[in-house]
Amino acid sequence: MAIVETGSVAAAASAAAPRAATRTTWARFKPTVLALIVPVLLLAFWQVATTQQWTRLIPTPYAVGEYMIDFAVGGIYDDAYSATLTTHLLASMSRVYGGFALAAIFALPIGILIGRVPTARMLLDPFLQVMRPIPVTAWLPLSMILFGLGAKSAFALVCLGAFYPILLNTIFGVRSVDPKLFEAASMLGCRGNAQFYKVVLPAATPSIFTGLRLGLGLAWFVIVVGEMTGVPQGLGAVIMDGRTLSRTELVICGMIVIGLAGYLSDRVVVALGNYLLRWSPNHHG
Amino acid sequence: MAESATPIVEIKGVSKVFRLQDQTIHALSDANLSINKGEFICLIGASGCGKSTLLRIMAGFDQPSSGEALMWGKPIAGPDPSRGMVFQDYALFPWLSVRANIGFGPASRGLGAAEVKQIVDKFIDLVGLAKFANAYPHQLSGGMKQRVAIARVLANDAELVLMDEPFGALDAMTRERLQDELLDIWERTKLTVVFVTHAVEEAILLANRVVVMTPGPGRIESDNLLDLPRPRDVASPEFNAIRRVLSAKLHSHHGKKAA
């Protein structure tokens, strides 16, 4: 049986081809150029503000850039922070990814339970809804009492920061499976517990993935609070030291590194998601 | 279609009552219907006539409030692979490729990978989607999605195919093509098809029996055997004569209600 589909995928693809060929250089670089406009303007404003001495407390972009090089590879100031970027970055990354993994280990099963089992929802949901608005900063003193000064507290706080977005999106994902899919599965001979693995989990993956992405973002977001717990190394620790020592260039360097590391880590996750969720029309971030 | 043979499906005095807050809705009232193997039956009627409810009871998704729904003489207790449903909005698994969607039933039955592949190859060819075997549902047009849904049911060895306005969301050209393909598959496979529609023309084109249903409460108004030769021509006088009779049966009820 030959089928000629109306408005087929093949026809759409061939129509797009000539357009791609005539694409100009500008069209190719447009996203990059547009993305750079705001940072460049901000940098220019920063330069003007510091050279005009509107403030004396913030160093010039050049001074920060120079310090960033020293922070990364050393050889300019040779102080306590020279060439320590990698150490601090790795320390922070281990807390971010460790805390995030811990959060995922707790949030995924609890979220699935709350989403699928009404008793679990009634038992846990009200409690978690009350706990959720409490900021990670507020947990800092208690965390230091419970887990002591140091890395364990940092893990706990990062974990807490990443926990709720993973939890909420998992609950949403497993609850909002199209009921038709359960009917389709059962008339195809897939019943009971098998439906959990064959229908609920795959249907929930886009939401779960969104939760993991937000959770990882928040893990980077709370890293400074997490490292206020008296850990010697880490980007958060560097920023807190910079504040204590009134070394604003150190603070700004730490901020930039956190921003870039968080951004790159998110891009990797998005690329992974685009691959794993290529079936989902809503997931082409 | 011998009259004496056991019917594949029997609906005996089936009623379905839904309660919505304080309201009681009689979706279906005392329906009786006997379907023989190999028939192509269209259930036709305005919205609220209970045609989808009746179909869902045959599928085993809903249970009758009273009366009996039987398949091969045994009560229909729940969904079963022998009764495949084709939904209006496809209900394909979006995370599975065309191939895996069609193989879902056979794989759930526990068949081996090689066997599943053989079955999938056969039915993917039957619906003409071999080129799109590895595409995902969101990459397909509505007509192609519905072909996957049909292949998925056939691949599962369904004896009875239940179709709930399957072509309602498609454009006219695609609908015509799919109607032809469905008839072709039905003639070749000797399946039994129960097809819900609200379009008189579609019913006459496809069915060998048209069951007219009327709303408020939903009930079977008449059961009409069509002995129009195939292929049927929508423009022929015979076709139009039948269309007039069936339209009158559908609308006579409206007149009574309005008066």
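How many bridges join strand β9 of chain B to strand β10 of chain B, and in which direction do the two strands run relative to each other? Keep that in mind as you explore these close-ups of a predicted model.

**View 1. A hairpin in chain B.**
Strand β9 (residues 209–214) and strand β10 (residues 219–225) of chain B are joined by six bridges, and they run antiparallel. To find one of these pairings yourself, look for Thr214(B): its bridge partner in β10(B) is Arg219(B). The hairpin has four residues between β9(B) and β10(B). Have a look at Gly216(B) here, as this residue takes a positive phi near 70 degrees.

**View 2. An open sheet in chain B.**
Here four strands of chain B line up in the order β2-β1-β4-β5, with antiparallel pairing, to form an open sheet. Which strands sit at the edges? They are β2 (23–35) and β5 (74–75) of chain B, each of which pairs on one side only. As you follow a strand, remember that in a regular strand the side chains alternate between the two faces of the sheet.

**View 3. Strands β1 and β2 of chain B.**
Let us zoom in on part of that sheet. Strand β1 of chain B covers residues 9–20 and runs antiparallel to β2(B), with nine bridges joining the pair.

Chain B is assigned two domains: domain 1 is written as 9–82 + 159–258, and domain 2 as 92–157. Taken over C-alpha atoms, the centres of domain 1 and domain 2 of chain B are 26 Å apart. Where they touch, 10 residues of domain 1 of chain B and nine residues of domain 2 of chain B take part. On the domain 1 side, helix α5 (residues 172–189) of chain B provides the largest share, four residues. Sorted by class, this side of domain 1 of chain B has eight nonpolar residues, one polar and one charged.

**View 4. Where chain A meets chain B.**
In this contact, 22 residues of chain A meet 31 residues of chain B. On the chain A side, the elements giving two or more residues are α8 (179–187) and α9 (193–221) of chain A. Which of the elements gives the most? That is α8(A), with six residues. The chain A side that touches chain B is made up of 13 nonpolar, six polar and three charged residues.

Technical notes: Residues are numbered from 1 along each chain as its sequence is written. Chains are lettered from A and ligands numbered from 1 in the order in which they are written. This is a predicted model: local features need pLDDT of at least 70, side-chain atom pairs count only at pLDDT 80 or more; totals for chains, interfaces and linings use all residues. Two strands pair if DSSP finds at least two bridges between them. Two residues are in contact if their C-beta atoms, placed from the backbone, lie within 7 Å. Ala, Val, Leu, Ile, Met, Phe, Trp, Tyr, Cys and Pro count as nonpolar, Asp, Glu, Lys and Arg as charged, and the others, Gly among them, as polar. Domain bounds come from an automatic or database domain assignment.
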